[in-house]
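This report describes the fold and the side-chain contacts of one protein model. The sequence and the structure are shown first, and the description follows.

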Amino acid sequence: MHVSHLSLADFRSYARAEVPLAPGVTAFVGPNGQGKTNLVEAIGYLATLGSHRVSSDAPLVRMGADRAVIRAAVTQGERQQLVELELNPGRANRARINRSSQVRPRDVLGIIRTVLFAPEDLALVKGDPGERRRFLDELVTARSPRMAAVRSDYERVLKQRNTLLKSAAMARRHGGRSMDLSTLDVWDQHLARVGAELLAQRLDLIATLLPLADKAYEQLAPGGGPLGLVYKSSAGEPVDSGAARTREALYEALLAALAEVRKQEIERGVTLVGPHRDDVLLRLGELPAKGYASHGESWSYALALRLASYELLRSEGSEPVLILDDVFAELDARRRERLAELVAPGEQVLVTAAVDDDVPAVLAGARFGVSGGEVTRL
């Protein structure tokens, strides 16, 4: 799989941009703040319906414009597809495939698959649980695009349940009449059912990803492992990522946990149990990586997770587009060369760098200069 052409309209700093691409390595080189990352961010957005830099769409629309358009031509074997997203902050986004009539944005998922390395990846190790949940869920969806609907259903049920709990908490605090919470049982069942599906997918992913991540870490930092990925469930009991847990068993466990914390939830007005409260403990040797791993070890851990993601997606279908966004400047010489050697064989590798010297020699290929919102072939 590779992207053969990228078109942008009013996306970030670009009023218009037309960028021809090809298999192999392509590097976008230019001073910081000139728009290099905006190009690869757009491709990443088509793959995930989200940005690795911001949590909302508003910053993605060029100042003064009311919408942005990302369009990419994608080649997979003999098949070619054109995928387009129109970003409308505050309103529903729109999507088209092969210039057909409008489809749901989530229908484009799976047409482009990417694995993106970026400085923000350090948060996978050092950041809060939300960063690790996002990593898992984006990879789950890349493996199985139907999970986008499951994630959307879970967020909808969670929002409805939280609204009910918040209303009950407000009524209780202000001494009003107690609310009828009989519908809470129904929302518990909905949350547990959809949550069990998401939880099952996460557990399967971790069990599959761990040996790949351990191998990648050994390649980046020989003798530094082993790695451990331990899923920490808000349902209370420890969840072994390697254990065979049926969806029905996970459903029952979530239901029981919700019943146990109902009093606290009504007092606080928020859902305290579910995949939205879970975390993954990253271990390096016998210790948690967070708080114990050095800066270099943390970087190697984050990179190993991305390399493992690439190998997993590659083994289960078409090869993803590899994106390395300003990564090499963050690494020491040894890690820089090892990473470059590992990703160089990829079908399509997109690199951003401030200067040519930041791109390892093994990643020879096409070069574009990026400056002042202009993209020029070098």
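## Basis of the description

The expected span of a helix is 1.5 Å times one less than its number of residues. Helices (H or I, at least four residues) and strands (E, at least two) are DSSP runs, numbered from the N terminus.

The model is predicted: local features need pLDDT of at least 70, side-chain atom pairs count only at pLDDT 80 or more, and totals for chains, interfaces and linings use all residues. Residues are numbered from 1 along each chain as its sequence is written, and side-chain values use heavy atoms, with hydrogens and water left out.

## Helix 1

Helix 1 (residues 36-48) has 13 residues and reaches 19 Å from its first C-alpha to its last, close to the 18 Å expected at 1.5 Å a residue. Of these 13 residues, 12 are buried, where buried means under 20% relative accessible area, exposed over 50%, and partly exposed in between (1.4 Å probe, protein chains only). Among the buried residues are Lys36, Asn38, Glu41 and Tyr45. Just after the helix, Leu49 takes a positive phi of about 60°.

Six strands form an open sheet of mixed pairing, in the order 7-11-12-3-13-14. Two strands pair if DSSP finds at least two bridges between them. Strand 7 and strand 14 (374-377) are the edge strands, each with a single partner strand, so one side of each is left without a neighbour in the sheet. Direction ignored, neighbouring strands are turned by 20° against each other on average. Within the sheet, strand 3 (residues 24-29) and strand 13 (residues 366-371) pair in the parallel sense over four bridges, and Ala27 stands opposite Arg367 in strand 13.

Helix 1 lies across strand 3, strand 7, strand 11 (321-325), strand 12 (348-353), strand 13 and strand 14, and runs at about 145° to strand 12. Helix 8 also packs on the sheet, touching strand 7 and strand 11, and its direction makes about 170° with that of strand 7. For these angles, axes are lines fitted to C-alpha atoms, for helices over the stretch in contact, and angles run from 0 to 180 degrees between N-to-C directions.

## Strand 1 and its partners

Strand 1 (residues 2-11) is mostly covered, with eight of its 10 residues buried. Strand 1 runs antiparallel to strand 4 (residues 68-76), to which seven bridges join it; here Leu8 has Ile70 as its bridge partner.

Strand 1 is also antiparallel to strand 2 (residues 14-20), through six bridges, and His5 is partnered by Pro20. Strand 1 and strand 2 form a hairpin with two residues between them, and Arg12 in the turn has a positive phi of about 50°.

## Nonpolar cores

A nonpolar core is a set of buried Ala, Val, Leu, Ile, Met, Phe, Trp, Tyr and Cys residues joined through side-chain atoms within 4.5 Å. The largest has 81 residues, of which Phe117, Tyr301, Leu305, Leu339 and Val351 touch the most other members. Helix 5 (residues 183-220) gives the most to this core, with 17 residues. Apart from it lies another core, of 38 residues, among them Ala68, Leu87, Ile97 and Ala118.

Leaving aside its neighbours within four places in sequence, Leu305 is in contact (heavy atoms within 4.5 Å) with Leu124, Phe135, Leu209, Ala213, Leu229 and Leu282.

## Salt bridges

The whole structure holds 25 salt bridges, a salt bridge being a side-chain nitrogen of Lys or Arg within 4 Å of a carboxyl oxygen of Asp or Glu. One of them joins Arg306 and Asp121 (2.9 Å, N to O). Arg306 lies in helix 8 (residues 295-316) and Asp121 in the loop between strand 7 (114-117) and helix 2 (123-126), so the pair ties together parts that are 185 residues apart in sequence. Both Arg306 and Asp121 are buried.

Glu138 and Arg134 form another salt bridge (3.1 Å, N to O); both lie in helix 3 (residues 129-143), four residues apart, about one turn of the helix. Glu138 is partly exposed at 23% relative accessible area, and Arg134 is partly exposed at 32%. Arg314 and Glu319 also meet in a salt bridge (3.6 Å, N to O); Arg314 is partly exposed at 38%, whereas Glu319 is buried at 15%. Elsewhere, salt bridges that share partners join Arg161, Asp185, Asp188, Arg262 and Glu265 into one network.
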